[in-house]
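Here are some exercises to work through with the model on screen. Try each task yourself before you read its solution.

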Amino acid sequence: MGDARPLVMKFGGTSVADAGAIARVADIVTRARSESAGPVVVVVSAMGGLTDRLLALAAAAELRTVPHVTVDALWDRHVEALRTLVPAGPAVALERDLAAHFSDLRALLESAAILRHASPGALDAIASTGELASSRIVAAALEAAGLPAAWVDARTAIVTDAQHTAASPLHEPTRGAVAATITPVLADGRIVVLGGFVGATAAGVTTTLGRGGSDYSAAILGSALDAREIQIWTDVDGMLTADPRVVSTARVVPHLSFGEASELAYFGAKVLHPATILPAIAQGIPVRILNSRRPSAPGTLITARPPDDPRPLAAVASKRHITMVEITSSRMLMTYGFLRRVFEIFERHRTSVDVVTTSEVSVSVTVDDDSGLAGICEALREFADVNVEREMAILSAVGDNLRADPRIAGRVIGALEGFAVRMVSQAASRRNVTIVLRDGDLPGAMCQLHAAFFEGGRSLEVGERVMFVTEAGVRDQEVGVRRQETE
Ligand code: ADP
Ligand code: ASP
Ligand code: MG
């Protein structure tokens with residue numbers, strides 16, 4: 001028996017990167033429909049790498065430099081996919097629709113070149129081309145595969161505020177828009193396909209939800225539709241015990257609580273946009289992370305109920321290339337109102353802090369976005385000594401059981417023996433222990449922590465060599481040799 005509540009399936013950039021990937025999406029959706037007769041909503045990202053390229057075109061237009069890519073190359077990539085997937089008749093109409101998006105794109109880039117500036121609103125309109133185009137192709141490809149699909153313009157479904165490039169959804173207006181544009185199509189027995197990442201203000205101006213925001217779109221739609229499940233189809237087997245680009249031995253976590261998943265996402269597990277879990281929590285909608293290249297793999301299931309699993313940690317995550325600011329009260333001890341003044345300055349500069357630690361005389365914080373830092377430091381120096389250290393990293397160990405067993409936090413710190421730990425913070429939720437160290441130390445530290453908790457509980461020996469992956473390739477490092485260098 002089918003469930004009448006919709007299933008929301010979101011496919012990321014690599015899952016719709018070309019005709020072959022989109023054909024796999026059609027197979028996955030076909031199978032989902034055959035397993036359950038309930039309604040299906042498909043949310044898709046732009047073709048892999050497209051958003052980066054669109055934003056690079058905008059940057060080049062502003063500077064009037066020659067971009068590395070051309071609009072023609074992006075157009076060709078879409079046309080090649082659509083001609084492979086869609087029969088000649090419908091392909092003609094689809095090509096016309098795509099051409100309209102690309103002609104807007106060209107006009108936007110020309111205007112950015114004339115003005116030598118692309119406003120945040122213009123950037124959103126430029127970036128939206130990726131999801132608008134990919135979703136039209138996926139809708140047509142599903143139809144070509146014999147599925148009753150209907151394309152919906154995401155700008156008629158997701159209503160946001162006007163905070164361009166990082167817009168927030170407005171829940172009640174979105175519910176109303178979804179009821180008007182999506183519900184009737186589902187009731188008609190059709191599969192709704194729409195682009196993620198993109199929305200519009202109540203006045204209809206195009207916005208985006210921030211990088212990686214297609215996951216968030218899926219969750220917003222899942223919440224507005226009271227979905228039975230939100231599936232995030234991506235290029236890995238699920239939430240892994242560590243970032244696989246750093247720890248090659250990372251493995252799938254079968255079950256996570258909402259709390260664990262949202263902290264992992266917040267602390268850098270890119271597989272999930274940090275806001276994705278919030279709408280799901282509100283309604284208890286399960287979220288599943290699945291691999292579109294290996295659809296039979298079980299993936300990771302994220303639910304409200306914490307897993308019974310006694311595992312000490314769920315996973316570790318990291319945020320790299322962040323900045324640490326140490327603020328020391330100019331008086332001997334921190335005076336009343338010191339912390340309030342400090343945080344007011346960060347707020348005024350719209351800079352959010354990730355990790356905070358305090359001592360009697362100082363407070364240390366980390367920031368991801370250091371664009372407002374010069375102004376922040378100037379204001380802080382009026383009443384405090386300020387020391388800024390760039391190229392730092394946050395390493396977080398996350399697990400619900402950290403709350404129940406205080407010894408686990410001690411084991412996390414102990415597992416980092418040999419690394420110069422600069423800050424340690426245990427969140428109020430006590431679901432994570434977060435450590436700040438030098439970015440150069442992060443890969444080795446993450447491997448060592450991962451080995452201690454996920455590789456048979458084995459602790460590495462000082463002097464043993466660990467392998468890890470960096471942007472420059474695979475490297476190895478001797479465990480415990482950092483201490484002398486960094487202290
Ligand atoms: P999509 O385009 O499908 O949204 P993303 O690139 O945004 O995919 O996210 C998937 C990537 O997240 C993986 O390829 C992996 O490199 C990275 N990643 C980082 N940390 C984790 C983790 N803990 N588990 C799984 N993937 C992770
Ligand atoms: N295409 C957008 C990005 O690359 C949104 C997403 O893929 O989630 O950021
Ligand atoms: Mg993503």
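## Exercise 1: One residue and its surroundings

In this predicted model, T14 is partly exposed, with a relative accessible area of 32%.

**Task.** Explain why T14 counts as partly exposed, then find where T14 lies and which residues T14 is in contact with.

**Solution.** 
- Step 1: Start with the cut-offs: under 20% relative accessible area is buried and over 50% is exposed. The value for T14 is 32%, so T14 falls in between and is partly exposed.
- Step 2: T14 sits in the loop that links β1 (7–11) to α1 (19–35).
- Step 3: Now look for contacts, leaving aside neighbours within four places in sequence. T14 touches A21, G48, D235 and R293.
- Step 4: Finally, compare sequence with space. T14 and S292 are separated by 278 residues in sequence, yet their C-alpha atoms are 8.9 Å apart.

## Exercise 2: The whole protein

**Task.** Which helices and strands count can you give for the protein, and why is the protein described as being as compact as a globular protein of its length?

**Solution.** 
- Step 1: Count the elements: the protein has 16 helices and 18 strands.
- Step 2: Check the contacts. Of those between residues at least 6 apart in sequence, 74% join residues at least 24 apart.

Definitions and conventions: Residues numbered from 1 in each chain as written. Chains lettered and ligands numbered in written order. Predicted model: local features only at pLDDT ≥ 70, side-chain atom pairs only at ≥ 80, totals over all residues. Heavy atoms only, no water. Helix = DSSP H or I, 4+ residues; strand = E, 2+ residues; numbered from the N terminus. Buried < 20%, exposed > 50% of the residue type's maximum accessible area, 1.4 Å probe, protein only. Contact = heavy atoms within 4.5 Å.
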